[in-house]
Amino acid sequence: MTARLLLQLAGVLGALGVAIGAFGAHALHDTLAKAGRLDTFETAVRYQFYHVLALLAVGVLWAARPELRSLGTTGWLWLGGIVLFSGSLYTLCFTGITKLGAVAPIGGLLFVAGWLSLVLAVREL
């Protein structure tokens, strides 16, 4: 992981978040509401965006302070969290496969681990 990659991931995942969010809010709103999955979908989009913004901030910090290489670990953890947490919730919403809900807590743990990794990465600032 590099600062450049973190920033590129933030851009791609941000664009995907907007596209997925808009698609769900407009094209799938009624379907998601009827299935009782609108809140789940909104949670997936919200957490994706929280961590896209966090990736962006960490990428900027790392670009400014390249010696903070352990920020790469933070980025990987948050990327994994987005894929597992938001990804499993999106898949649950679109397929109805409820077993995928069990994957979301693993993504949540990756988010928490990423935040703790950030604490360790910047302790020498």
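A residue is called buried when its relative accessible area is under 20%, exposed when this is over 50%, and partly exposed in between, as judged with a 1.4 Å probe and with protein chains only. By this criterion, 40% of the 125 residues of the chain count as buried. The model is a predicted one, in which local features need pLDDT of at least 70 and side-chain atom pairs count only at pLDDT 80 or more, whereas totals for chains, interfaces and linings use all residues. Residues are numbered from 1 along each chain as its sequence is written, and side-chain values use heavy atoms, with hydrogens and water left out.

The chain contains five helices and zero strands, where helices (H or I, at least four residues) and strands (E, at least two) are DSSP runs numbered from the N terminus. Along the sequence the order of elements is therefore written α-α-α-α-α. The C-alpha atoms fill a box of roughly 50 × 25 × 15 Å, taken along the principal axes. With contact defined as heavy atoms within 4.5 Å, 74% of the contacts between residues at least 6 apart in sequence join residues at least 24 apart.

Helix α1 (residues 3-27) has 25 residues, which at 1.5 Å a residue should span 36 Å, and its end C-alpha atoms, 35 Å apart, agree with this value; the expected span is 1.5 Å times one less than the number of residues. The buried residues of α1 are A3, L6, L9, A10, L13, G14, G17, G21 and G24, and they pack against α2 (29-34), α3 and α4.

Helix α5 (residues 104-121), with 18 residues, reaches 25 Å from its first C-alpha to its last, close to the 26 Å expected. Buried in α5 are A104, G107, G108, F111, G114, S117, L118 and A121, and the cover over these residues includes α3 (38-64) and α4 (71-95).

A nonpolar core is a set of buried Ala, Val, Leu, Ile, Met, Phe, Trp, Tyr and Cys residues joined through side-chain atoms within 4.5 Å. The largest such core has 30 residues, and those with the most contacts inside it are L55, L71 and W78. The elements that give two or more residues to this core are α1, α3, α4 and α5. When neighbours within four places in sequence are left aside, W78 is in contact with H51, A54, L55, V58, L110, F111, G114, W115 and L118.
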